[in-house]
Amino acid sequence: MEAGGLPLELWRMILAYLHLPDLGRCSLVCRAWYELILSLDSTRWRQLCLGCTECRHPNWPNQPDVEPESWREAFKQHYLASKTWTKNALDLESSVCFSLFRRRRERRTLSVGPGHEFDSLGSALAMASLYDRIVLFPGVYEEQGEIILKVPVEIVGQGKLGEVALLASIDQHCSTTRLCNLVFMPAWFSPIMYKTTSGHVQFDNCNFENGHIQVHGPGTCQVKFCTFKNTHIFLHNVPLCVLENCEFVGSENNSVTVEGHPSADKNWAYKYLLGLIKSSPTFLPTEDSDFLMSLDLESRDQAWSPKTCDIVIEGSQSPTSPASSSPKPGSKAGSQEAEVGSDGERVAQTPDSSDGGLSPSGEDEDEDQLMYRLSYQVQGPRPVLGGSFLGPPLPGASIQLPSCLVLNSLQQELQKDKEAMALANSVQGCLIRKCLFRDGKGGVFVCSHGRAKMEGNIFRNLTYAVRCIHNSKIIMLRNDIYRCRASGIFLRLEGGGLIAGNNIYHNAEAGVDIRKKSNPLILCNQIHHGLRSGIVVLGNGKGIIRNNQIFSNKEAGIYILYHGNPIVRYHLCHTAEWKGMMERKAWAR
């Protein structure tokens, strides 16, 4: 810097006192000043980002202790997102017809609260004009009747989050609205806190407690930095809705329900939401992404058992099961266990001991279950792996995997499979990313041809994380799903989609449960330390299960029964340690 000959450190101290508009003007002076403004990332830009009452930490709620790569970029992304609701005004102003008759006017700010211009939200809305800003000062505002939003407005709570509470039932009839820094609770006459059928609604830094939110297509919504406590979001035929950096706690049912095929009729906000999604960082892995976990022998089971592999077929005899393994007359299939030589073993099992709290006994099938555990001697991994690999490793030793066992990364798999790549990059229906679902019954429920995409979320301490039924499609990328009381991901009735790059572990039932003609692509996931099996396929369930790491589950890594018919390829499967890798088509009657 030449101005005044001041050192850069002094310039940074001076510029640290500037507000956002002044920083922008300074960055336009020259290239040197622009670079100087950029160098304030960890100081002034960080202060601006954390001091904004309309947002929270960029990595909240999943990683609030991890700083973003750039505070300036995080602040920029939030600023651009917060202006989406006003894009409709720009469209109107750019129209020729409107420009002939409109009169330029400044947005008004209407104050609501004791000692201010208005006493209630309803009275302020009655006097509001297009795109006015309504500020609610600290207090509790209870509306005795349903509020109808007829003109686009912005409703903002003054002060810290929690100081302004709104007990109301709002029905949006206008094209766009934004609500920020508010605590929503249902009114005494209705559990519905907010509803829109055609317009766009934007929620920033709000809390919702014990109620419902409904968005019907072609309506859209954009939700960021919000907390939902025992609150249900219902999305019906929505063309596009975005839920980012939100926390869902203590749901008594599903936290989010996505129902119906995305509406072909799209409102004005669709293109802006789509552009915002494409401009934000993606969760798709880069070329150097490594999806192979480091082998920590102490955290794995200590017992070494090369006796059985991780794929179990249950049903009538398969080509891989020995003829002598058929049940003996008079034996009670479902109550006794028997081993058949060194080639394989037959275990008869009761229906209610099969995988899933959503057990097979609750489905149409009622046949006796006959489980065949395919032995390693029969299946033949020993020639592939080498005899030394199948022996128990020395304590503390590291396992060097043969080159043939190195699985492709997710990026490599997607590059080979163009259809999977297109699916991973598509956005339709509801996009949920960087959210936390915890301590409730259900996470996301997709039904009746619904479409949902989930990226970088955490699902923990739920009954289940995701359910996909009735011809619905889900895309799940890089989510963490653990400590579910039933299965983590449940698909049935022709559900499908892409489940890739997820970490699924410590669930009480199967990590992934596929039933009734569901046909997902399960790719490059880590499914481990489950209290039952890793993946269960039954009831005419299908799917392609490829390039996953399935290990340390108490039962089979992949469990196939009752007409299950998946394609299983290229896995690192093991129970006590690394056990084997297979390429085969698994089948069951």
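Author: One term comes first: buried means under 20% relative accessible area, exposed means over 50%, and partly exposed lies in between (1.4 Å probe, protein chains only). The model is predicted, so local features need pLDDT of at least 70, side-chain atom pairs count only at pLDDT 80 or more, and totals for chains, interfaces and linings use all residues. Residues are numbered from 1 along each chain as its sequence is written, and side-chain values use heavy atoms, with hydrogens and water left out.

Reader: Is Glu154 buried or exposed?

Author: The cut-off for buried is under 20%. Glu154 has a relative accessibility of 4%. Glu154 therefore counts as buried.

Reader: Which residue meets Glu154 in a salt bridge at 2.8 Å, N to O?

Author: A salt bridge is a side-chain nitrogen of Lys or Arg within 4 Å of a carboxyl oxygen of Asp or Glu. Side chains of opposite charge can pair when their charged atoms come close. At 2.8 Å, N to O, the partner of Glu154 is Arg107.

Reader: How many residues apart are Arg107 and Glu154?

Author: Helices (H or I, at least four residues) and strands (E, at least two) are DSSP runs, numbered from the N terminus. Arg107 is partly exposed, at 41% relative accessible area. Arg107 sits in the loop between α7 (96–101) and β1 (109–112), and Glu154 in strand β5 (residues 153–157). The pair links distant parts of the chain, and the separation is 47 residues.

Reader: Which strand holds the Arg133 that forms a salt bridge with Glu154?

Author: The closest N and O atoms of Arg133 and Glu154 are 3.1 Å apart. Arg133 is partly exposed, at 26%. Glu154 is in β5, 21 residues from Arg133, and the strand of Arg133 is β2.

Reader: Which residues are linked with Arg107, Arg133 and Glu154 in a network of salt bridges?

Author: The whole count comes to 18 salt bridges. Arg107, Arg133 and Glu154 belong to one network.

Reader: What does Arg108 pair with in a salt bridge?

Author: Arg108 is partly exposed, with 34% relative accessible area. The closest N and O atoms are 3.2 Å apart, and the partner is Asp132.

Reader: How many residues apart in sequence are the parts that Arg108 and Asp132 tie together?

Author: Arg108 lies in the loop between α7 and β1. Asp132 lies in strand β2 (residues 132–136), so the pair ties together parts whose separation in sequence is 24 residues.

Reader: How many disulfides does a search of the whole structure find?

Author: A disulfide is a pair of cysteine sulfur atoms within 2.5 Å. Cys55 is in none; the nearest cysteine sulfur, that of Cys52, is 3.9 Å away. Cys468 is in none either, with the sulfur of Cys447 nearest at 9.3 Å. The search of the whole structure finds 0.

Reader: What arc do the buried residues of α4 cover?

Author: In helix α4 (residues 41–51), the buried residues are Asp41, Arg44, Trp45, Leu48 and Cys49. They lie on the same side of α4 because of the arc they cover around the axis, taken from the directions from the helix axis to the C-beta atoms. That arc is only 130°.

Reader: Which exposed residues does the face of α4 turned away from its buried side carry?

Author: What covers the buried residues includes α1, α2 (20–27), α3 (31–38) and α5 (71–82), where contact means heavy atoms within 4.5 Å. The face turned away from the buried side carries Ser42 and Gly51.
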